[in-house]
Amino acid sequence: MGRAFQNRKESMAKTADAKTKVYSKYGREIYVCAKNGGVDPAGNLALRGLIERAKKDQVPSHVIDKALDKAKGGGGEDYSLARYEGFGPGSCMIIVECLTDNPNRTFGDVRACFNKAKGKLGTPGSVSHMFDHCAILAFEGRDEETVLEALMEADVDVTDIESDADRITVFAPHTDYAKTKEALAEAFGELDFEADEIQFLPQTTTPVAGDDVAMLDKLLATLNDLDDVQNIYHSAERQD
């Protein structure tokens, strides 16, 4: 099938002085995921995948356990998903995902970041129609035909399968995330996923060059510094 897999998600900073912020973002996301879908990872595949990613990013067990304990209590903060769309330097498209207990504050903070970088927030749907909202699962393997057959038998609406350098990457609609992961487990047993997440992938890329590159980096950095921001997706292709 052969669509090149390019991860355009801006991952959370992993420098030593930013660890606390990384832990906080993971803790918030685990809390919301567990509260909405259940605290048992065996019955909440989204939670299990999130915990596995947190461990790979060296999030301490006590941070994960604290978030799960909060979710078990049934109280705590009332976080909701807020998604903002807009245009950054060079007219690249940007999606910002947040978890917030104060949407008005978060909107103001995100808008300020765009304004300072000479970008512009758009209305809901203004850029997301140019992204594919995908479940992405990557694991070691070569036989994409066998993987495709197993997924089709499980009635998974496979979007694409890529095989490259002994790694198979499966793309499916984000609504089929759990079904896809269950089908792979039933067909191949426990897999060590190199990628296990839901992302927005741009359908086309936007060349960004010259001064716009530095301005884009500034925008992404200031957005990542916001406590409420969880993920940032963009279409920018930096030009040397």
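Visitor: How many salt bridges does a search of the whole structure find?

Guide: Eleven salt bridges turn up. Keep in mind that this is a predicted model.

Visitor: Okay, which residues are linked in a network of salt bridges?

Guide: That would be Arg28, Asp101, Arg105 and Asp228. Within that group, Arg105 and Asp228 pair up with N and O 2.7 Å apart. Arg28 also bridges to Asp228, and there the closest N and O atoms are 2.8 Å apart.

Visitor: Where do Arg105 and Asp228 lie?

Guide: Arg105 is in helix α4 (residues 103–116), while Asp228 is in the loop between α7 (211–224) and β10 (229–234), so their bridge ties together parts that are 123 residues apart in sequence.

Visitor: And Asp228, is that buried or exposed?

Guide: Buried, with a relative accessible area of 7%. Arg105 comes out as partly exposed, at 35% relative accessibility.

Visitor: Switching to domains. What does the domain assignment give?

Guide: Three domains: domain 1 covers 12–73, domain 2 is made of 80–128 + 205–238, and domain 3 runs over 130–202.

Visitor: How many residues does the contact take from domain 1 and from domain 2?

Guide: Six residues from domain 1 and eight residues from domain 2. The two domain centres, taken over C-alpha atoms, are 24 Å apart.

Visitor: How much area do domain 1 and domain 2 bury between them?

Guide: About 700 Å², with 41% of that on carbon and sulfur atoms. On the domain 1 side, Lys21, Lys25 and Arg28 lose the most area to domain 2, and together they make up 69% of what that side buries.

Visitor: How many residue pairs are in polar contact between domain 1 and domain 2?

Guide: Seven residue pairs, counting those with both residues at pLDDT 80 or more.

Visitor: Let's go to Glu85. What's its place?

Guide: Glu85 sits in strand β2 (residues 80–87). The residue is buried yet has no salt bridge.

Visitor: Which side chain of opposite charge is nearest to Glu85?

Guide: Arg83, and that one is 6.1 Å away.

Visitor: So which backbone nitrogen does the side chain of Glu85 reach at 3.0 Å?

Guide: The one of Ser126. Besides that, a polar atom of the Glu85 side chain is 2.9 Å from the backbone nitrogen of Ser128. Leaving aside neighbours within four places in sequence, Glu85 also has contacts that include Ile94, Ile95 and Leu121.

Visitor: What about Glu197, buried or exposed?

Guide: Glu197 counts as buried because its relative accessibility is 11%. The residue belongs to strand β8 (residues 195–202), and its side chain makes a polar contact of 3.4 Å with that of Gln199. The C-alpha atoms of Glu197 and Leu50 are 7.7 Å apart, though the two residues are separated by 147 residues along the chain.

Visitor: Back to charged pairs. Which residue does Lys56 form a salt bridge with?

Guide: Asp192, with the closest N and O atoms 3.7 Å apart. This pair links distant parts of the chain, since Lys56 is in helix α2 (residues 45–56) and Asp192 is in the loop between α6 (177–188) and β8, 136 residues apart. Lys56 is partly exposed at 48%, whereas Asp192 is exposed at 62%.

Visitor: Last one: where do Asp69 and Lys72 lie?

Guide: Both are in helix α3 (residues 61–73), three residues apart, about one turn of the helix.

Terms used:
Residues numbered from 1 in each chain as written. Predicted model: local features only at pLDDT ≥ 70, side-chain atom pairs only at ≥ 80, totals over all residues. Heavy atoms only, no water. Helix = DSSP H or I, 4+ residues; strand = E, 2+ residues; numbered from the N terminus. Buried < 20%, exposed > 50% of the residue type's maximum accessible area, 1.4 Å probe, protein only. Lys, Arg positive; Asp, Glu negative; His and termini not counted. Salt bridge = Lys/Arg side-chain N within 4 Å of Asp/Glu carboxyl O. Polar contact = N/O pair within 3.5 Å; in protein donor to acceptor, adjacent residues only side chain to side chain. Contact = heavy atoms within 4.5 Å. Domains from an automatic or database assignment. Buried area = accessible area lost by both parts, 1.4 Å probe.
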